[in-house]
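Here is a short briefing to read with the structure open. It looks at a few residues and then at some helix pairs.

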Amino acid sequence: MERRELVASLVAGGCAGMCVDLTLFPLDTIKTRLQSQQGFYKAGGFRGIYAGVPSAAVGSFPNAAAFFVTYECTKSLLGAGGVLAAPQVAPVTHMLAASLGEVVACLIRVPTEVVKQRTQASPSCSTYTMLLATLREEGVRGLYRGYCSTVIREIPFSLVQFPLWEYLKTLWSWRQGHTLYSWQSAVCGAFAGAVAAFVTTPLDVAKTRIMLAKAGSATARGNIPLVLYDVWRTRGLPGLFAGSIPRMAFISVGGFIFLGAYEKVRRTLL
């Protein structure tokens with residue numbers, strides 16, 4: 001992969017990530033409060049809808065940039081030769097590239113997500129206060145609580161979203177006989193994101209519960225099957241899919257902006 005392409009992926013990914021996270025932040029807050037153990041209204045309801053936005057603003061650019069640089073580099077390396085270079089196995093290449101991209105991006109995403117979600121569920125606290133409280137009570141490890149559950153959520157999400165996005169782009173491009181415009185790529189991203197968001201909502205519920213749990217509690221240990229069983233026992237199927245509508249709306253519109261902006265900025269830079 002050429003240096004120019006690497007820089008283009010980094011800048012385009014970072015810009016796309018910031019566009020989505022800051023534009024759709026209120027939907028993310030509503031989703032977090034719907035999934036919290038204390039319930040929507042006790043977690044703040046519709047008050048302080050931008051609580052935690054500084055954490056999202058700081059983390060969104062490097063997080064998205066890390067994902068796309070890893071994604072494009074891996075895709076380029078795997079497609080350079082060998083079995084994975086064949087067109088018929090392209091979805092496998094996209095799955096592997098997206099999965100590795102998520103593992104790398106989560107190293108940046110999880111600390112900002114922990115602080116952001118805790119502030120969203122306690123709107124009376126500022127982002128800075130929540131960061132200091134987390135470091136004081138749990139140390140740096142506290143910032144990475146829920147890392148495994150986040151990766152376990154993100155990998156299945158990417159396994160659905162990115163191959164579906166690439167497939168829809170290829171199909172649409174083939175039907176119209178030329179490369180897609182940025183808005184068409186964005187439409188494919190919106191559809192792929194909505195499907196992936198709904199399928200992985202239970203994992204997102206588990207991740208939110210683990211991040212918001214009190215230090216030392218059973219939930220805080222990060223046992224995903226145990227957390228999902230507890231949600232199923234207390235709230236049933238609706239509990240497992242709590243926040244699915246705002247999550248789908250966030251990721252569908254987010255996918256439109258994120259993948260559309262990424263394609264537009266990347267093509268402009270190249």
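**Residues and helix packing**

Gln120 has a relative accessible area of 0% and is therefore buried (buried is under 20% relative accessible area, exposed is over 50%, and partly exposed lies in between, with a 1.4 Å probe and protein chains only). The model is a predicted one, in which local features need pLDDT of at least 70 and side-chain atom pairs count only at pLDDT 80 or more, while totals for chains, interfaces and linings use all residues. Residues are numbered from 1 along each chain as its sequence is written, and side-chain values use heavy atoms, with hydrogens and water left out.

**Residues of helix 4**

- Gln120 sits in helix 4 (helices are DSSP runs of H or I with at least four residues, strands are runs of E with at least two, and both are numbered from the N terminus).
- The side chain of Gln120 makes a polar contact of 3.2 Å with that of Asp28 (a polar contact is a pair of N or O atoms within 3.5 Å; within protein, one must be able to donate a hydrogen and the other to accept it, and residues adjacent in sequence count only if both atoms are side-chain atoms).
- Apart from neighbours within four places in sequence, Gln120 is in contact with Phe25, Asp28, Thr29, Thr32, Arg33, Ala43 and Ala51 (contact means heavy atoms within 4.5 Å).
- Glu113 also belongs to helix 4, which covers residues 90–121, and Glu113 counts as buried because its relative accessibility is 10%.
- Which residue is joined to the side chain of Glu113 by a polar contact of 2.8 Å? The partner is the side chain of Lys207.
- With neighbours within four places in sequence set aside, Glu113 contacts Arg153, Lys207 and Met211.
- Ala56 is 57 residues from Glu113 in sequence, and their C-alpha atoms are 7.3 Å apart in space.
- Glu102 is placed in helix 4, and with a relative accessible area of 4% Glu102 is buried.
- Not counting residues up to four places away in sequence, Glu102 touches Phe67, Arg109, Glu154 and Ser158.

**A residue of helix 5**

- Leu135 lies in helix 5 (residues 127–138), and its 34% relative accessibility makes it partly exposed.
- Leu135 touches Val140 and Leu143, leaving out residues up to four places away in sequence.
- Gly45 is 90 residues from Leu135 along the chain, with 26 Å between their C-alpha atoms.

**Helix 7 with helix 9**

- The axes of helix 7 (residues 147–176) and helix 9 (residues 201–212) come within 9 Å and cross at roughly 160° (axes are lines fitted to C-alpha atoms, for helices over the stretch in contact, and angles run from 0 to 180 degrees between N-to-C directions).
- That makes helix 7 roughly antiparallel to helix 9 (angles over 145 degrees count as roughly antiparallel, under 35 as roughly parallel, 65 to 115 as roughly perpendicular and the rest as oblique).
- In helix 7, Ser149, Thr150, Ile152, Arg153 and Pro156 meet Leu203, Asp204, Lys207, Ile210 and Met211 in helix 9.
- By class, this contact of helix 7 with helix 9 has five nonpolar, two polar and three charged residues (Ala, Val, Leu, Ile, Met, Phe, Trp, Tyr, Cys and Pro count as nonpolar, Asp, Glu, Lys and Arg as charged, and the others, Gly among them, as polar).

**Helix 9 with helix 10**

- Helix 9 and helix 10 (residues 224–240) have axes that come within 10 Å and cross at roughly 115°.
- By class, the contact of helix 9 with helix 10 has ten nonpolar, two polar and three charged residues.
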